[in-house]
Amino acid sequence: MRSIWNGAISFGLVSIPIKLVNATESRSVSFRQIHQADGGRIRYRKVCELDGEEVSQAEIGKAYEESDGTMIPITDEDLAALPLPTAKTIEIVAFVPAGEIDPLQMDAAYYLSASGVPAAKPYTLLREALKRSDKVAVAKYALRGRERLGMLRVVDDVIAMHGLLWPDEIRAPEGVAPETPVSVRDAELDLADALMATLGEVDINTLHDDYREAVEQMIATKAEGGAAVAPPEPEAEGGGQVIDLMAALESSVRAAKEARGEGGDAEVTELAGRKASSRTPKETGARKSTAKTAAKKTAAPARKSTSKTAKTAEKGTAAKKTTAKSTAKSTAKKSTAKTTAKKATAKKATPRKRSA
């Protein structure tokens, strides 16, 4: 990789010759401006406002514009004469925990490469010291005509430097937060936590720019004489409807579970304290219909069973009545028979009178 700056790291009294190399690159697709009528390329020309003539890069200098429009010329010699100790040095000023660096300050990233064999030993010393301390180095350096702030940390076996914005370059977030007071319920926070847990973690190396790939594919198709990509169908407008936050969170949890292959019938446990009115009408109706159907199915066998029991009871009662009648008849017959026998015995026992 080509170096963009040569200098040294000042680590106390230790000086480490290094080269600065860009750690990032832009992969975005760039376009040219053309004249739509004939396809000719549009170019910007640098023209002097006073005489209207086009000027070359060699004829262009720097100037500071006052509030009244007055231009104060500034030459490279003027800038070189300024006392800038970090002109060719990355001066480490402190070592701090990485958590103390505000991510809003992060800017461009660079790799620091040891310049030459003598620089290998002090370079390795600084790298291992950063590893063991679990801290980052805050440094000042000069690049492209201005002094900058940087943060040095270890990436694999290389010292990397992130350019940092100066603290006064970070704007205060005034007027950005919602002005209307909003209260968030515990149930909503619980669902948000569930969604975060379901989404889980991701390997950042697997993410890629889908839009750039689509643009490159479209360019390749048109270069081969193919037709342009058909525009997507416009989505139906929501009509300014109020979003049910709880329903949206529940749907998001289900969709995340399905995407992770945890099954399409994943259910979200209803949290305590949630009102039944938050359910959708369709869902409520379906549950009521299911409950009624189940009740009917349960009630039908019960009625049949009751009817059968009643019939059995009636048969039992009839049987009892028949048995009682038979018993009564049998008893009556036995009683009549006994009475008849007694009368017959009495007749035999009475002596017959003889005539004189």
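R127 is buried, at 14% relative accessible area, and forms a salt bridge with E128 in which the closest N and O atoms are 3.1 Å apart. E128 is partly exposed, at 36%. The model is a predicted one; a search of the whole structure finds ten salt bridges.

**Helix 2**
- P122, Y123, L126, R127 and L130 are the buried residues of helix 2. Because they cover an arc of only 140 degrees around the axis, they lie on the same side of the helix.
- The exposed residues K121 and R132 are carried on the face turned away from that buried side.
- D134 follows helix 2 and has a positive phi, near 55 degrees.

**Salt bridges**
- R146 and E169 meet through their side chains in a salt bridge of 3.4 Å, N to O. R146 lies in strand 8 and E169 in the loop between strand 9 and helix 3, so the pair ties together parts that are 23 residues apart in sequence.
- R146 is partly exposed at 36% relative accessibility, and E169 is partly exposed at 35%.
- R45 pairs with E54 in a salt bridge, with the closest N and O atoms 3.5 Å apart. R45 is exposed at 60% relative accessibility, whereas E54 is partly exposed at 48%.

**Surface patch**
- V182, V184 and L189 form a nonpolar patch on the surface, together giving about 290 Å² of accessible area.
- L189 is located in helix 3, residues 186-199, and is partly exposed at 42% relative accessibility.

Key. Residues are numbered from 1 along each chain as its sequence is written. This is a predicted model: local features need pLDDT of at least 70, side-chain atom pairs count only at pLDDT 80 or more; totals for chains, interfaces and linings use all residues. Side-chain values use heavy atoms; hydrogens and water are left out. Buried means under 20% relative accessible area, exposed over 50%, partly exposed in between (1.4 Å probe, protein chains only). Helices (H or I, at least four residues) and strands (E, at least two) are DSSP runs, numbered from the N terminus. The arc is that of the directions from the helix axis to the C-beta atoms. Patches are made of residues with over 30% relative accessible area and no salt bridge: like charges are joined within 9 Å, nonpolar side chains (Val, Leu, Ile, Met, Phe, Trp, Tyr) within 5 Å. Accessible areas come from the Shrake-Rupley method with a 1.4 Å probe; for residues, only the protein chains shown count as cover. A salt bridge is a side-chain nitrogen of Lys or Arg within 4 Å of a carboxyl oxygen of Asp or Glu.
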